[in-house]
Each structure stands twice: as C-alpha cells, then as structure tokens.
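This report describes the contacts, domains and nonpolar core of the structure shown below.

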Amino acid sequence: MISRLSDDRSRAAIAASIERRRVDTRGLLFKTVLQSCLVITLALLAVLLITVALDSTDQIGTRLWEFLQGTLRSRSEDDRLGIHQGMYGSLWIAIIVAVLAFPIGIGAAVYLEEYAPRNRFTSFIEVNIRNLAGVPSVVYGLLGLALLLNGQIFGLDRLTGGSSALSGGITLAILVLPIVVITSGEAFRAVPNELREAAYGVGATRWEMIRTQVLPYAAPGILTGTLLSMARAVGEAAPLILVGAISGRLGDNPGLFNIRALTDQFTALPIVITSWTVQSGRDAGFIAAAAAAIVVLLVFVLMMNSAAILLRNRFEKKRG
Amino acid sequence: MTDTSVVQPELLTVDQLQIAPSRRHREVIIRYSLLVAALVSVLVSALIVWSLLREAWTFVTEVVWADTWGQRGWFPRRGLYDIPTIVVSTLIVTGIAMVVAGPLGLGAAVYLSEYANRRVRSWLKPALEILAGIPSVVLGFFALTWIAPNLVGRIGKNVFLVLGAVILLGYAAVSAAMARSRIKQYREGAADPSARIGAVASIAMLAVVFGLALAWILNVWLEFAPNNAGSLAAAGIGVGILTIPLVASISEDAMAAVPDSLREASAGLGARKMTTATTVVLPAAISGIVAAFIVAISRAIGETMVVFMAGGAADAALFTDTPFDGGLTMTAAMASLASGTDSVVGEGLTFQSLYFVGLLLFLITLSLNIVASRFVSKVREAY
Amino acid sequence: MTDDSPRATDDAPRLIERPVAAAPRPSADGDGAGPDAGTSRDTVFSSRDVNVYYGTFRAVRDVTFDVHTHEIMALIGPSGCGKSTVLRCYNRMNDLIKEARVTGTITYRGTNLYNERVDPVEVRRRIGMVFQKPNPFPKSIYDNVAYGPRVAGQKRGLDDVVENSLRKAALWEEVSDRLSDSALGLSGGQQQRLCIARAIAVGPDVLLMDEPCSALDPIATARIEDLMQEIKQDYTIMIVTHNMQQAARVSDTTAFFTAEVHSENDSRTGILVEVDSTQKIFSNPSDERTENYVTGRFG
C-alpha cells in the first residue's frame, strides 16, 4: 500500500513505469487555451490600432496639416475641419494638471511615507486616498460641476470663469491626484533605509535627508507615476463633458499663449473624438475625422505611457 | 613634559547642541506644508460626498417617486427618472464586460505567471500595459465602428446563444447537485416540517431561476434584429476589453506572490504543470483573483465614455433587458444629460437627478472597492 | 487496515519522549522485507561522471557514487559545494530550472533517469523530496497529505493513506483531531513533518531531503532525526546537511563534497571527495580534505 513501490523490486517493472511517457494531452490543451487568451487580447489590440489607422487615412493622408490647424465644424466635408482647439485645450489641461496635481500629490506622498506617525489618522488618510483612486471619473465631473461651475462653494465659479479650461484642468488634477500619491508613495517605499540612516548619521535634518537622498533615489519612480497620470488626464473625457467642454461650435479662438484662454470656453481632444464619433451616425465622414483625432491623441498618450514603462523597467533592472 | 596642570574638558551647553533656528524653522514649515498636501485628499473626499449629498437630497425630497419606478424609460427632460432602466442596462453592460474580461484576463495572467519564460514576459507585459493605457474614448470609437458591425451584428446572436447555453448548463449542473442534497434533506427531515418546506422552496427557486433565464435567452435570441449601430452588447464588449489588463495584472500579482517553494513541492510530488497551476497556485492566489474581478466590476460600472458613444442611445432610453438594444447605463445617462446642450439644463430636477445617480454610482463602486481591498490584504497577510 | 502492533525495537538513542503509537511497519509479504532489510546492499542509485551546468557555468563536476537500499546517505560539505544541486539530479528537479543541464548517467534501479523516454513526473512520484524550508500548501492538513495520491488519480482510500502517512511521520497524535485545519497553523517542526508525510503518501521508494532541519529548532530537529531512523526501514533516504553532527548521528554512509575555486572568475565547482561509511568518514577518512573538514580545520 504505502510502501508498495519499495516492495516491487523488479527492475523491468520500474523501468517500464518511469519510462511510460504519456502524452500529456490535457496539459497541452490547457496551455493552448491560456495562450489563446493572450493571443485574442493582443489581436483585439492590433485590430483596434489597425482599424483606427485605416479609418484615419482620409484625413491624415490627404490634409494632415489643415487637419491639425482646423477647428470644430458642423459638417465633415468642411475644409476648415480640424483639431487645433482640442489640442490647445488638452495642452492647457495638461499644464494645469502638472502645476496642481504633481506638487500636491508628491508632497502628500512625502508626508505619508516620511513624516506621518503610524496612527489611525494616517491610515485613514491612506485608505481615503486608495478609495479616491477607485471613484469613477464621471463622479469627479460632478464635483467639478458643483464646485467650479455652479459656485455653490466659495464662489469659485467667478475665479474659473465657469465652464472653462481652468475648470476642466482643476477637475482632472483632482482626478489624478490619488494616482500621483500612490505611485510616488511606492517609489519612496523602495528607497533603502540605509540611505536614510547614512544621511541622518552625518547630521542631516529630516528634510535635508529627504531632499538629498530620498527624492533623488525615488525620482525615476515618481517620474513614471507622473507620466502615467498625465496620460490618464489627457485621455479622460467623462469629467470634461460634465464641466461643459464644448462639443459643437467653439466661438472665438484665442491663441495658445493668451492667458485669458484659461477662463474661456474650451474643448479637448477626447471631447472632439467623442463628439465626432457620436455625429458619425448622421454624417459618416466624421468617422475619418474621429479616427484621425484618435491617432493624434494616441501618439501623445502612448508616448507618455511607453516612456513610463521603459523608465520603470530600466530602473527595476538596474536596482535588481 | 613637566606640565602637571590638568586640562579641563570643554563643557557644552544645551544651546550648542541645537541646530540653527533658520534650519529648524524651515523643517517646521516644510513639515506642515506637506501635511496640508496630504490633507487635500481628505478635503476632496469631503467635497465629493458633500456635493453629491446636497443635490441628491433635493432630488430625493422633491421628485415624484412614482416617476422613478415602473415608468419603463429614462426621459429626464420629461421628468421621468426610471431608475430600473439605467440599473438594468448597467448590469447588462457589466455582465458582458466580465464575460469578456474575466476569462481572457485570468487566462493571460495564468499564462504569464506559470508558463511564459522571461523573454516572452518582457514583451507581453508591456503590450498589456499599452492596452491598459488606451483612453476609453478610443475604445468607444472602436466599439461603435468595429465591434458593433463585425462582432455584435454578425455573430453576436449565435455567440450569445452558445454562451448562454454554457452558462445555463453550468448553473443547471450546480443546482442539480444542490437539489440532490435538498431531496436527501427532505427524506431525512420527514419528521421536521420546516426542513421539508425549506427543501421544497429552495428546489423551486432554483427551477424558477433556471426557467426565467432560459426564457430570457430564448426571447433575446428570437427577437434579435441585425443592427450595425451601437448597442449595450457592443458597449459591454468594449468595456470588457478595457478591463482585461486590470484583471490580468491584479491576478498575476496575486499568483506571483505565491512562493515558488509551493510549486516545487507540488512538482516533487509528481504533479504536472497544469495540476500545479490549478490545484496549488490558483487556490493559493484566490483572494487576489477575487479582488481582481471585483475591481474590474467596479471599473466597468463606472466606465462612461464607451457606453455613451457605443451604447446606442442618445439622451433618453426605453427600458430594455436585451443586450442587443440600445440603452443608457447610469454613467452614460449622466454624460448624456450634460452633453449636447453643452451645459446641464433641463426641466425640473434634471440637474438633481444627475447627482442622485452619481451618488448611487459612488456608493456602489466605493463598497466594491472596499471589499476588494479586504481581499488584497488577505493575500498580503498569507505571504 | 492499520497494523496496530507496537514497533519492535527502537535502535536510535531517544532524545525526547515520543508518542507510543508510531508508524506501522509493512507486514512481511514473503519478499524478505524483514528486520534485516536495512542491511541489504541492493543498489538504488548509481551515478557516473555526473556534471551539472547552469548555462556555461559548471556547478558540479564528475560525481560518481552508489546509493544502496534502506540506508541513509548523507551529503556533506562546505556551502557552495553543490550538494543540493547533486541531490536535485536524483528526481530531476533540476529540469524546472531552464538553464540547468545534466550530463553523465544516473541509473535508478537499473534505468537511466536521464533517458529521454523517462518521464520526470513519474520519477518524482517514486523519488520524493523534502525541502529546506517547510512548504505546506495553504490547504488543510488532510488535503496536504492527500495531494500527491490525488494528483496520481487515486480517489478511494485516501483516509487510510492520510492516516498511515501521518503516523509514519509521527504527526498523527498531534493532528488527528484537526485534520481539516489549515496546515499553516502548525509549528515549523510540525510543518516539516507534515511535508515528510506528504512525500510519504505518494508511496515513494526514495526520499531526498534537502537540509530538512536547517529552519528548525533543536527539539524539532531531534524529532525529524528520530523519524528518519524509523522510516529508513521502508525507504532509502538521501539527506543534504551542513550540520556534521547530524550527518554523524543519522547516516549510514556519507559523501563528502568540496568546492574548487576558479581563481580567474571566482566561481566554484563542486567535486566529490570521498564516499564511505559514516563511521569511517568521521573517524578515519582517507582524504586529507575530508579530515580537515570533519575536524573543523576547514569550512
């Protein structure tokens, strides 16, 4: 029974039993099923990219420059159809996110990882941030709507000009704030404690230790996090719809370097894409326009994402 | 050499053991500025809850409740806020998304963690991360222009029937096993009438659910009308693709946390790779995998743009329980209220209804996320 | 089913009290498996010129020795001398490391283990392994022990297999009333005995033990050592240990390994110095390097 094998001394029997190499059909099938999960996923990604690229040729292949300089129009045949308002809006939003979310987010992470005592209040803040990261983006739009547009709190609408690029930027900055805190916090936690002790050992104060040791060591990780959150902010549309991004016709067209543009009506690339996709039902020419706008958006977003991925892999390898 | 005087050690005062006041002040200022930065998140949460509650409360107190139930449609501009309409659509989209993302994401994760060698992983993981980084408006476009005509329009009907049959058969197998044990209970509980009633009731419930599901699937299948425009099914598949990387990365993290010594122990007992994966690694990582699914569900419920663009309904929707119809989910209903007119206007309580739906959404996703983080911390505790 | 007769004699010195009911011996079945089975000199393994490479790096060079039935063979030597690597050749665990490659021949009861027709999965069912750190699955105690038989397709009689294996591993008395509790709740020493029970449950012929006591305290170590003395009636045991006292206490035969250091790249290759009866290795070794090691002048 238990020792049945040790009792059978017949060499032939043993040789036969360990040489009985059955073809493991079930195992092979299992592996194939798993592989096809990945293949299907990647095939969907490929089809997506190819569809968009093919659809976009009508615009990008024939009138790329005009398309980049054009504006929102009501018909797809229009010669002045293009995305420059959307690009300017997205650029402004990106700048506002960088100015607001990055310093506050990184600062919060520094406090939580380096200063905060381990008590219930700190863990409350941490849980709170994790939960904020899971709140659907459309809810942030509702916050922006109540806070920045309707002036229900502190009369902030007078400052932002109501439905404006500033409102959109602030809303998206709030949206990515938890992501910045979480990713920077992970970067700080990866800093070896010996570095901190070494800095303290030569008489550094806490902030001097953080500035000279922790921040430089964590810099690549922080940069990865900020790039990812920037890509997220630039690609978001739902909160912008709620804070009133323009999808129809945008009146005047202030230049990029006019600070007044901040408090004016605005649109953004994802909004342009949404609007054109929705309108493609009545005017099929908008499919090509939407696809072309997607190509432009994807160039920015994927560039930031791949930079972040490369950066992270590089430093992970370096530091083992 | 002849000096006999004792050198007095130099005495230090407390002042000499303090850092310069300027340095000390800088420390204090920095510390408090960083604390303020950390508190911003608390402020944001408070503001979200406050703004949601404020308007939602107006809605709750002023709406005609008869208009929120049984009106068979979401027509906010006409004052009809039928909550079941948008909740059922949300369930349909989320369900389809999980049927897509669950198997694909989990399968990809098992392959990456148990089979792929380092070189393959170094290509596949970034590819999944690229997919994770694609903005949802892009998937909305894809769902409307490619998934709707090519997947839903062409093969959706039959895929639906096959998948429905598979799920129904699985349910039937499970409920048959349950029914058997209930029948046994019934026989044994001859003396105890309450046990008998319980057994009969639970068997009846299983049968009713089976019948309803069968009727629903057949009804949807028979009434299918080929339609290349957007639909809840197209949107659901789009949302599913969006959540594949989420399921894959969280489950793979959980499986990576399973120590290699367990895989060795299993191999040392003569288990093949498939056996090790299914009987040791997956059960050990189950909390993380459950968390992955919950997070993905929460994400699918909260996804707005894909459904708004590809859901096949503009700013109002009739009640539907068919994935091949157009419809508005909770999120799409909110977006549609705000778009088109470029500002939130409307009769009566339109604006407030936005916040009421937002509050529902917030509460649902928040509780799902809290449950998911419980499961994740279970994984951390175990290893 | 269970043979409840008390064990005949205890031959190892007792370090601690042991529960009375110990593992049942297999009843004699006309095969001559009597009390003298331990002295039989049947060859279980014979390795000839075994080399193990990790990529291009040679981890172990030209290992040649035999292992006989019902003996405990200890592999000792300084760290980095390839003892564990050699041990893992015997149930083809090295197959799980992608870059690892084994040359030479290892025959197991007359069959070359590295014959391409040999299935490593079947090999591991016959040649069980106990690892350095206790590694119970996060399942119940019962499911841990039943794992191997279940994997092999056994569905009936699992209760008996679990009980017998736990008895042999001297764990039954401690866990019989909580078989459905998680194995992770056991102490380190109990976990390691559970891992031994789990290995025994498959019905192996040989047990490979890779420093099974290095993560345990002295009391738990003593229990495992006693256990080895008992189960050697049924199994051939190979144990890697860096604890010389342990090798001297438990083993019948000892193989001493050492490492050649290649000065050009500071890498180490393990070589076998000598194999002999444990008594001879520790009292009168034939090689000077062995003597230096066992007397503590090196290592």
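## Contact between chains B and C

The contact comprises 15 residues from chain B and 22 residues from chain C, two residues being in contact if their C-beta atoms, placed from the backbone, lie within 7 Å. On the side of chain B that touches chain C, helix H7 (260-268) and helix H8 (273-284) each contribute at least two residues; helices are DSSP runs of H or I with at least four residues, numbered from the N terminus. H7(B) provides the largest share, 6 residues. This side of chain B has 8 nonpolar, 5 polar and 2 charged residues. Here Ala, Val, Leu, Ile, Met, Phe, Trp, Tyr, Cys and Pro count as nonpolar, Asp, Glu, Lys and Arg as charged, and the others, Gly among them, as polar.

The model is predicted: local features need pLDDT of at least 70, side-chain atom pairs count only at pLDDT 80 or more, and totals for chains, interfaces and linings use all residues. Residues are numbered from 1 along each chain as its sequence is written, while chains are lettered from A and ligands numbered from 1 in the order in which they are written.

## Domains of chain B

Chain B is assigned domain 1 (20-62) and domain 2 (66-156 + 229-382), with bounds from an automatic or database domain assignment. Their C-alpha centres lie 31 Å apart. In chain B, 8 residues of domain 1 are in contact with 9 residues of domain 2; the domain 1 side has 5 nonpolar, 1 polar and 2 charged residues.

## Nonpolar core

The largest nonpolar core has 281 residues. Such a core is a set of buried Ala, Val, Leu, Ile, Met, Phe, Trp, Tyr and Cys residues joined through C-beta atoms within 7 Å, where buried means that 20 or more other C-beta atoms lie within 10 Å of the residue's own, with C-beta atoms placed from the backbone. Helix H13 (residues 285-318) of chain A supplies the largest share of this core, 16 residues.

Key. Buried ≥ 20, exposed ≤ 12 C-beta atoms within 10 Å, placed from the backbone.
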